[in-house]
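Below is a short report on one chain.

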Amino acid sequence: ERRYDLDEVPPPMAILRDAFRSKKSRRYRLPSLPDTLFKASFITAMARQKTMRGDVDLLFRPMLRGVSMLDWKKYDQVVEETHKRALAQLTGMDAETAKGLGVTV
C-alpha cells in the first residue's frame, strides 16, 4: 500500500517538468504509468484468483519463496517440487475423499 499526500493533482506540465529533475529534487513522488498498470493488473489477478479458489475442490499451491516473477531459471525446480508435494498430498488422502473428488490414488 502506498499513500500520496497531495492536496490536488498537479497539472500535466508540472509533472512533465518534474520528471526532468533529479530524483532528489523532484516535488512530486508519483508512481510511473508502468508501475500503476502493473499494480492494477496484479490486483485484478489476485481478485480473480480469490474468486476461483471458491470454485475448486482441490487446490495445489507451489512454494514460491525465494523465486521472483522473472526467475525462469528456477522454473523446472518449482514444477518438480510442486509435483512431488501434489503426489504426497494425493497419496495421503483417504480413499473416500479421493473418490468424492474424482481422484484415483
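## Overall form

The chain has a radius of gyration of 23 Å, but a compact globule of 105 residues would have one near 13 Å. The radius is taken over C-alpha atoms, and the globule rule is 2.2 Å times the number of residues to the power 0.38. Along its principal axes the C-alpha trace spans about 65 × 30 × 15 Å. Buried residues (under 20% relative accessible area, 1.4 Å probe, protein chains only) make up 9% of the 105 residues.

This is a predicted model: local features need pLDDT of at least 70, side-chain atom pairs count only at pLDDT 80 or more, and totals for chains, interfaces and linings use all residues. Residues are numbered from 1 along each chain as its sequence is written, and side-chain values use heavy atoms, without hydrogens and water.

## Helices

The chain holds four helices and zero strands. Helices are DSSP runs of H or I with at least four residues, strands runs of E with at least two, numbered from the N terminus.

At the start of H2, a side-chain oxygen of Ser32 comes within 3.2 Å of the backbone nitrogen of Asp35.

## Nonpolar patch

Phe38, Phe42, Ile43, Met46, Met69, Leu70, Trp72, Tyr75 and Val79 make a nonpolar surface patch of about 1,100 Å². Such patches join nonpolar side chains within 5 Å, from residues with over 30% relative accessible area and no salt bridge. A salt bridge is a side-chain nitrogen of Lys or Arg within 4 Å of a carboxyl oxygen of Asp or Glu.

H2 (33–53) and H3 (75–91) each supply at least two patch residues. H2 gives the most, with four. Ile43 lies in H2. Ile43 counts as exposed because its relative accessibility is 58%, and the cut-off is over 50%.

How values were computed: Patches are made of residues with over 30% relative accessible area and no salt bridge: like charges are joined within 9 Å, nonpolar side chains (Val, Leu, Ile, Met, Phe, Trp, Tyr) within 5 Å. Accessible areas come from the Shrake-Rupley method with a 1.4 Å probe; for residues, only the protein chains shown count as cover. A polar contact is a pair of N or O atoms within 3.5 Å; within protein, one must be able to donate a hydrogen and the other to accept it, and residues adjacent in sequence count only if both atoms are side-chain atoms.
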